[in-house]
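Work through the exercises below with the model open. Each task is followed by its solution.

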2 protein chains.
Amino acid sequence: MTIEMKSIGTIHTPYTIKWNMPYQPVTDDIGEFSIELEESFTDGLNKIETFTYIYLLYHIDRVTRPVSMSVTPPWAPQGTEAGLFATRSPVRPNPIGLSVVRLLKRENNILYTSGLDVLDGTPLLDIKPYLADLDSKADANHGWAGDLPNNDHLLLHIKGIPHDE
Amino acid sequence: MTIEMKSIGTIHTPYTIKWNMPYQPVTDDIGEFSIELEESFTDGLNKIETFTYIYLLYHIDRVTRPVSMSVTPPWAPQGTEAGLFATRSPVRPNPIGLSVVRLLKRENNILYTSGLDVLDGTPLLDIKPYLADLDSKADANHGWAGDLPNNDHLLLHIKGIPHDE
């Protein structure tokens, strides 16, 4: 059975080149990253500005590689493999991307957010509030990625923090 | 443009009655809540058991109410209104549900998890690892819900913790 979804807006980022997306910036300059919701949904943003963080769900629309159940993330040591569902690889059976972003400012149907590693023009599927008690887990870990040698360095890659190699 | 998704598995819970789902249990009894991934995707679960928490994305498939941009959550005081995207209402333009659950145990293509307030038989769309540094936000808040009078009590509802009224 096919489930039908539709774009409800557009994500704007500085990234336009496929396969060559820079790491997420740690700067929070207002304007670099924004979410433009379709105007007919603007009233659905009422009170969203009271949240520190929001979830964005989006359609990963420019992936052409075939889905594989075994993944080696680009930042992991050669030979490292994990199951697709144990990674955040963009090549998935259902191309839904998920990011937690800081909400910086709202202007009508536009939300300005902290950095996002998605391509400019990515179709938006949903916005949900990030609720501290439901979504923030102080005892969360990094799974297999936390067990790799040199994992402090690898975590910079996972988090997208620019650093000298 | 329509985006096509498909079910990749099934979520099993004790909840079969529409509109009358009990609050999430706080018990973590193994077996009450499970995710049955289609067997063809089993290799995609390799190493997922190393994660404390995972995200589940699922198709909210039994909502029949029309989408409204203004929502009054069932636990909020009468007259409280918030925009749809400032709530976790299941009635959304794209019916994608999102939950963070604790991963208790894996048996081949079955994952046993902590409690989930979804109906039995809910179609699974994706499983993603919850990564501490990306997803856990110590400075997250509860937005407008945190500003309501008597919010300690309301947070029990938001979290789904059973309690005496």
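This is a predicted model: local features need pLDDT of at least 70, side-chain atom pairs count only at pLDDT 80 or more; totals for chains, interfaces and linings use all residues.

Residues are numbered from 1 along each chain as its sequence is written, while chains are lettered from A and ligands numbered from 1 in the order in which they are written.

**Exercise 1.** Find the strands that pair with strand 3 of chain B.

Solution. Strands are DSSP runs of E, at least two residues, numbered from the N terminus; two of them pair if DSSP finds at least two bridges between them. Strand 3 of chain B covers residues 34-37. Strand 2 (residues 9-12) of chain B runs antiparallel to strand 3, with 4 bridges. Here B:Thr10 has B:Glu36 as its bridge partner. Strand 8 (residues 110-113) of chain B is also antiparallel to strand 3, with 3 bridges, and B:Tyr112 stands opposite B:Ser34.

**Exercise 2.** Sort the residues of strand 3 of chain B by face, covered or uncovered.

Solution. B:Ile35 and B:Leu37 make up the covered face. B:Ser34 and B:Glu36 lie on the uncovered face.

**Exercise 3.** Describe the contact between the two chains.

Solution. Counting residues whose C-beta atoms, placed from the backbone, lie within 7 Å, chain A and chain B give 61 residues each. Elements giving two or more residues on the chain B side include strand 7 (96-107) and strand 9 (122-129). Strand 1 (residues 2-6) of chain A pairs antiparallel with strand 1 of chain B over 5 bridges, and A:Lys6 has B:Thr2 as its bridge partner.

Definitions and conventions
A residue is buried if 20 or more other C-beta atoms lie within 10 Å of its own, exposed if 12 or fewer, and partly exposed in between; C-beta atoms are placed from the backbone.
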